[in-house]
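Subject: Structure for you to look at

Hello,

Here is the structure I said I would pass on. My notes on the core, the cavities and the backbone follow it.

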Amino acid sequence: MAGTSSKYDKVVVQHKFNPWDFDRTGIVPMWTLSSHVAGLSHQARRATFFMSPLPSHPSTTVIFRSQTWELYPSFYKSFGAESILTVTMKMVHVGRTSYSVETEISDTSTTEVLVKNVAQYVNFDMESRRPKTLPDWLRERYAHLTSRPRPTTVSAFERPAFITPFVHSVRVPASHIDWNSHVGQQYYYSYCFDCATLGARNGIYSTVRGDIFKHNVREISVLYQREALEGDLLSVESWEDERKPGTLKFQVKKGSDGIVQMAVAFHTPSESKL
């Protein structure tokens, strides 16, 4: 009978950001935060989550399918370059070709939670560039997680036909290509925030205006749809969600193909006063 836990389920490490990781407002921007969390998750996968019981096995490559982020008030008020952080990463679901990891970052001295991230990873075949089934030994190790409900995944959205998006173009440089030979996931945050910076500065959005870096992020959801490669010309479309004040939506496209969708919810002025 499958157990309810495993010594391979959870990894806890201490972590610290560098002074140069903080932007001009004293906050770690999303592209830097996502890069650090992805790096820690990669180490946890190699050292614990995917540590094979077999003497030899083919290397396993995984890519992101989706991510969600929650940034708590403590992220903006109680977090600095001197902070020692506790990062807890837990395997929370294992499917046929994908698995999900929940990451929680807290201040070690106060135990306050700063950030929560849930990432869905897909096992990836580098030759076919398609998902492939997870190894049998891994699904057996995490048999107790295969029957758990899958964490809420990020769904695709459509831009209303009556909305004309603000568009920013990006030519993918060689420096943005990662070890999987496509654009590293952290750069999509910078593409979207660069677009939002121009849009806010030009008064495109009703509730997100002026300096985008003075608007604190509350939640982010990301859906990775296709790969983008070196030299690709990407268009980043952005618009405001009329049903959710302070929420911007982004569609990164290569021609007519969707590459990444992102929704960013900023704290509104009324929330900031609470």
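A nonpolar core, as used here, is a set of buried Ala, Val, Leu, Ile, Met, Phe, Trp, Tyr and Cys residues joined through side-chain atoms within 4.5 Å. Please keep in mind that this is a predicted model.

Core

The largest nonpolar core holds 69 residues. Leu33, Phe49, Trp69, Phe75, Tyr188, Ile220 and Phe250 are the ones with the most contacts inside it. Helix H5 (residues 185-201) contributes the largest share of this core, with 8 residues.

Setting aside its neighbours within four places in sequence, Ile220 is in contact with Met30, Gln67, Thr68, Trp69, Tyr189, Phe193, Met262, Ala263 and Val264. One of these partners, Trp69, is also listed among the core residues with the most contacts.

Cavities

The count is 2 cavities of 30 Å³ or more. By residue type, the lining of the largest cavity divides into 13 nonpolar, 3 polar and 1 charged.

Strand S2 (61-71) and strand S5 (113-125) each supply at least two of the lining residues. Here the division is 4 nonpolar, 7 polar and no charged.

Backbone

Most residues other than glycine have a negative phi. Which residues here have a positive phi although they are not glycine? Thr111 has a phi of about 65°, and Arg129 has a phi of about 60°. Thr111 is found in the loop between strand S4 (98-107) and S5, while Arg129 is in the loop between S5 and strand S6 (130-131). Are these residues exposed or partly exposed? Thr111 has 60% relative accessibility and so counts as exposed. Arg129 is partly exposed, because its relative accessible area is 26%.

Regards

Definitions and conventions
Residues are numbered from 1 along each chain as its sequence is written. This is a predicted model: local features need pLDDT of at least 70, side-chain atom pairs count only at pLDDT 80 or more; totals for chains, interfaces and linings use all residues. Side-chain values use heavy atoms; hydrogens and water are left out. On a 1 Å grid over the protein atoms alone, a cavity is a set of points where a 1.4 Å probe fits but cannot get out, and a pocket is an open set with protein on both sides within 12 Å along at least five of seven lines; lining residues have an atom within 4 Å of a point. Grid points are joined across faces, edges and corners, and a volume is the space filled by probe spheres set on the points. Ala, Val, Leu, Ile, Met, Phe, Trp, Tyr, Cys and Pro count as nonpolar, Asp, Glu, Lys and Arg as charged, and the others, Gly among them, as polar. Helices (H or I, at least four residues) and strands (E, at least two) are DSSP runs, numbered from the N terminus. Buried means under 20% relative accessible area, exposed over 50%, partly exposed in between (1.4 Å probe, protein chains only). Contact means heavy atoms within 4.5 Å.
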